[in-house]
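Me: Hey, I'm new to this one and would like to go through a few residues with you. Can you take a look?
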Amino acid sequence: VPGDRLRGRAASFRRFLDRSQMGLPDAFLAWVSFLGPEWRESLLGRSENWGTEDYRQIWRRSEGSDLLDRLLDLTLRTYLLDDLLPKVDRMAMAHALEVRSPFLDHELVEFALRLPRSARVRGLSRKRALKAAAADLLPREIQTRRKRGFGVPLDRWFRSDLRSYVEGTLGAPDARVRAHLAPEALDRMLGEHQRGIANHGHALWTLLTLELFLRREGW
């Protein structure tokens, strides 16, 4: 099924099905990661779990609780703290802005976590309490439209405008990442992306960021 079908969600369904045989929390980790476990192992040339051990410990600590509560707890303690909030903080500080996340007010978070599951999720309907609270403030087409993030078309850019830059940076014989990763796996990822076999835009962005960091630090 082409990636733009099913209201643009075909690619998301494929990602979900690819990970459907994994148990939790591995499936959830793979869902929020730019590099899946198979690519991590290929690029490292070995299987490494030390980077996810804290993640697994947090998951084990909530054993016995409701599944939705466990996933929310895991998200709050990992994805939120290690990804979303640092990005906002760094970009805000770079422009001398003081940013607050009103939905993270501790009393609001505690209230939301006390809500019954049916008030938060039902089937594929999510953010039920928030939508109900804003029902008289926003038009229905805004409440029901698909979530829109701040993504950029990396897949397309890395095949067109920025193709030569990405290939010249990550594909160069003296690329710093090649001293830390398996060069053949990196070349395979670049080749798959440029030939349109797979979309590795976000993974290549991550590796490109690592390469520039290594160069800046002289490593």
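Me: Where does Arg-15 sit?
Reply: Arg-15 is in helix α2, residues 10–18; helices here are DSSP runs (H or I, at least four residues), numbered from the N terminus. This is a predicted model, where local features need pLDDT of at least 70, side-chain atom pairs count only at pLDDT 80 or more, and totals for chains, interfaces and linings use all residues. Residues are numbered from 1 along each chain as its sequence is written, and side-chain values use heavy atoms, leaving out hydrogens and water.

Me: What does Arg-15 touch, not counting residues up to four places away in sequence?
Reply: Ala-30, Trp-31, Val-32 and Ser-33, where contact means heavy atoms within 4.5 Å. The C-alpha atoms of Arg-15 and Ala-30 are 9.1 Å apart.

Me: Switching topic, how many salt bridges are there?
Reply: Twelve, counting a side-chain nitrogen of Lys or Arg within 4 Å of a carboxyl oxygen of Asp or Glu. One of them joins Asp-83 and Lys-87, with the closest N and O atoms 2.9 Å apart. Both residues lie in helix α7 (residues 79–94), four residues apart, or about one turn of the helix.

Me: And what about Glu-217 and Arg-216?
Reply: Their side chains form a salt bridge too, at 3.0 Å from N to O.

Me: Is Arg-216 buried or exposed?
Reply: Exposed, because its relative accessible area is 64%. The cut-offs are under 20% for buried, over 50% for exposed and in between for partly exposed (1.4 Å probe, protein chains only). Glu-217 has 35%, so Glu-217 is partly exposed.

Notes: Helix = DSSP H or I, 4+ residues; strand = E, 2+ residues; numbered from the N terminus.
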